Amino acid sequence: MAAAAAGLSWRRVSSFTGPVPRSRHGHRAVAIRELLIIFGGGNEGIADELHVYNTVTNQWFLPAVRGDIPPGCAAHGFVCDGTRILVFGGMVEYGRYSNDLYELQASRWLWKKVKPQAPSNGSPPCPRLGHSFSLYGNKCYLFGGLANESEDSNNNVPRYLNDFYELELQHGSGVVGWSIPVTKGILPSPRESHTAIVYCRKDVGSPKMYIFGGMCGCRLNDLWELDIETMTWSRPETKGTVPLPRSLHTANVIGNKMYVFGGWVPQSAGGEISAPDGEWKCTGSFSYLNLDTTEWIGLISDCQEDKSNLLPGPRAGHCAVAVGTRLYIWSGRDGYRKAWNNQVCCKDLWYLDTERPLAPSQVQLIRATTNSFQLKWDEVPTVEGYLLQLHADSPVPPVAGIPGAGVPETSVLSSQGGCSLHQSPQSLPSIPYPEMKVDHPSQTNNLIPNNVQVSLSSNSKVEGKEKVAAPENKVTQETMKNHADATGFKESNAPSLLPVCTSSAQTSANVGELHDLDKQTVNPDASVSSTVSSTQSMVTQQAVKTESSSTNGAVVKDETSLTTFNSKSEAAENAYVMPSARVNTGQTNDSHSSRAPQRPPAPVKARDRRWYDVGIFKNNSAVVSQFYLLPEDTLNINSKTEGADVPDYRLLKKQDLFPGTVYRFRVAAINGCGVGPFSKISEFKTCIPGFPGAPSTVKITKSVDCIHLSWEPPSSPSGNILEYSAYLAIRSTQLQENPSQLVFMRIYCGLKTSCIVTAAQLSNAHVDYTSRPAIVFRISAKNERGYGPATQVRWLQGKVPVTCS
């Protein structure tokens with residue numbers, strides 16, 4: 001099957017910075033979040049450096065490792081458990097193999113030599129190379145490899161192994177010891193330079209380990225399965241064309257597929273495979289095994305390899321690493337030159353997106369004005385851009401007696417006595433990065449035409465700031481849409497050839513260790529908001545972080561009454577469109593005409609909506625003031641077929657946003673496989689002039705028995721500020737009956753720009769789990785026309801201790 005027919009789109013990374021490691025083979029690599037960590041291998045000597053490649057910033061770096069640094073090795077075992085890496089065995093010099101075990105704590109780049117207990121029913125593993133070392137749960141599984149039968153390293157007598165060991169790990173750091181499990185069935189035959197992966201179906205079945213190929217005097221292409229629960233070996237029956245016998249290949253699991261790339265395969269001539277003692281060659285063939293159906297699917301055959309520079313060239317002894325659904329391949333040997341009596345190694349880096357990206361999170365509002373929105377959404381790993389679309393409702397006019405709309409202002413959180421904290425991906429400890437400078441584009445949409453090649457690579461990563469503000473009030477007291485909390489920006493900049501709108505207004509930052517950022521004073525005029533933390537929490541006795549956003553919300557005048565707010569955008573809507581294909585839609589009849597509609601329309605059904613492209617954005621943020629109208633001949637086209645080309649935006653007319661208009665937004669991620677499904681729909685409203693903006697620069701300071709909540713007046717008060725109101729989301733039976741509605745109690749009303757929140761009030765607070773656990777406050781200002789937008793503050797309730805510098 002041709003690569004194009006299979007939908008493959010390999011990309012060679014051509015733009016990167018930092019100290020690029022020398023080419024090699026026999027190295028190993030793992031991924032921790034977006035980092036590729038490479039160790040060992042050799043080419044004119046065995047390498048002992050630890051190299052790291054950041055797939056987001058396209059930067060190589062050499063971390064400053066310390067501790068019991070292991071010697072260089074090749075063809076070793078290399079597995080990753082959280083943020084620790086285990087290295088076992090390998091060749092440390094010609095004819096001399098190792099059975100040492102090392103542990104690397106990547107959060108500190110600290111090496112430690114560990115000494116596991118010997119098995120109770122046998123000897124520990126002997127020194128070896130070319131074995132497989134696979135992790136599942138708290139155990140590593142060691143199989144096979146090649147040992148030297150001779151005690152003299154200069155007299156290399158190969159002995160192929162098929163012994164099988166378990167290594168039990170301690171939680172966090174250290175190991176318990178080796179054991180030799182009792183297995184059923186027939187053991188796989190002895191081999192080295194094979195692959196082993198572990199896969200567990202989500203619906204049924206126990207975890208299985210699959211061993212494929214290897215070398216035992218000749219190359220192999222047999223497949224073996226071990227049921228880890230019952231410790232039973234078997235030979236599964238497969239369908240499809242089995243790949244050629246091979247060794248020094250790679251196998252990686254992504255989803256339910258085991259992708260096999262490269263290796264040494266028999267030289268074929270005229271369709272005939274050479275005899276076991278015949279000629280062998282490196283291959284660039286690529287296949288996968290569907291692990292649910294055990295069917296082999298060929299993607300790139302041997303005859304297709306190196307016919308163009310659009311595919312990775314043939315290689316063996318390379319490394320392959322999965323980062324999300326993206327597969328990276330680096331270096332490896334691509335031949336042997338007898339005349340020079342040396343290996344020939346390549347040093348190119350390739351990646352392949354194997355699936356369309358997942359749907360991003362709902363679009364979140366950072367700032368709204370009368371004719372624009374500043375939006376963001378959570379970053380999707382390993383994507384090349386985001387397609388943002390909108391659909392417009394008619395504007396909603398103010399209703400007499402109810403607070404009207406205001407021009408929202410920026411609200412930025414800062415800390416007193418705490419430390420700034422970058423929000424790294426959840427559930428993993430921080431990993432040190434090398435220091436780097438960051439330059440960010442200005443707060444404008446720079447649309448790049450489709451036919452212009454655009455490199456999305458850069459060397460930047462944004463640390464822990466972001467700007468947050470609000471749309472004006474939706475003019476009803478009954479419910480409001482909570483338009484999401486604000487989190488940190490982070491650039492995604494993998495190489496690409498995409499038309500891109502770059503719209504990320506962010507400040508420069510120096511990046512050190514993620515968990516060790518300096519304290520910061522946040523500039524209210526900065527374009528990004530700050531997530532902050534304190535080291536003590538009187539209320540929760542745990543690390544606390546805060547984040548802020550402005551959000552629509554009518555407030556009430558009676559201090560004793562409660563106000564309910566809908567905590568989800570379009571929570572009740574279950575008919576939104578989420579296609580997997582690229583979507584473009586035609587014009588609406590009057591929503592985007594030269595003047596704003598004069599009356600609210602009837603509710604719009606999802607199937608009647610027409611979505612308009614705002615553009616394609618490189619980063620997970622956008623400033624939206626216009627959208628694109630499609631030509632008249634596409635008026636009734638609601639979607640395009642899967643894989644359709646992105647339109648040439650230069651040929652399309654633009655439409656400005658209107659004041660006081662509700663707009664719905666959705667976003668989809670784009671990678672080498674195309675456009676993924678759209679996010680859930682969010683709804684925001686542009687502001688109506690005349691109302692006060694949202695209070696800004698919200699601060700939370702803790703003392704012994706209370707917290708101090710303070711803010712600054714709106715920069716656009718649109719008149720005299722008559723009073724402020726602060727609210728706290730509280731527990732209530734109404735909230736239990738309808739989790740999508742937050743219930744707020746007013747805790748302050750007055751002219752001061754600060755208030756005290758007592759421990760008694762906080763003890764009644766509701767912890768909102770819509771994104772990350774948080775206690776929610778709202779603050780709004782009132783002028784002669786009424787209350788403006790409420791600034792929402794989410795006081796994050798984190799359980800992970802915070803390290804302050």
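Leaving aside neighbours within four places in sequence, N256 is in contact with Y199, L289, N290, L291 and D292, where contact means heavy atoms within 4.5 Å. The model is predicted: local features need pLDDT of at least 70, side-chain atom pairs count only at pLDDT 80 or more, and totals for chains, interfaces and linings use all residues. Residues are numbered from 1 along each chain as its sequence is written, and side-chain values use heavy atoms, with hydrogens and water left out.

N256 itself lies in the loop between β19 (250-254) and β20 (257-261); strands (E, at least two residues) are DSSP runs numbered from the N terminus. The side chains of N256 and K257 are joined by a polar contact of 3.4 Å. Such a contact is a pair of N or O atoms within 3.5 Å; within protein, one must be able to donate a hydrogen and the other to accept it, and residues adjacent in sequence count only if both atoms are side-chain atoms.

Strands also build an open sheet, five in number, with the order β6-β10-β9-β8-β7 and mixed pairing. Two strands pair if DSSP finds at least two bridges between them. At the edges stand β6 (66-67) and β7 (77-81), each of which pairs on one side only. Strand β8 (residues 84-93) runs antiparallel to strand β9 (residues 96-105), the two pairing over eight bridges. R84 stands opposite Q105 in β9.

Aromatic rings come next. The structure holds 27 aromatic pairs. Rings of Phe, Tyr and Trp (its six-membered ring) pair if their centres lie within 6.5 Å; planes under 30 degrees apart count as stacked, over 60 as edge-to-face and the rest as tilted. Y53 and W60 form a tilted pair, 4.9 Å centre to centre with 45° between the planes. Y53 is buried at a relative accessible area of 0%, and W60 is buried at 2%; buried means under 20% relative accessible area, exposed over 50% and partly exposed in between (1.4 Å probe, protein chains only). One aromatic cluster is formed by W10, Y259, F261, F286 and Y288.

The largest nonpolar core has 29 residues, and L709, W711, V757 and F777 have the most contacts inside it. Its largest share, six residues, comes from β53. A second, separate core of 27 residues includes F373, Y612, V614 and A622. A nonpolar core is a set of buried Ala, Val, Leu, Ile, Met, Phe, Trp, Tyr and Cys residues joined through side-chain atoms within 4.5 Å.

Terms used
Helices (H or I, at least four residues) and strands (E, at least two) are DSSP runs, numbered from the N terminus.
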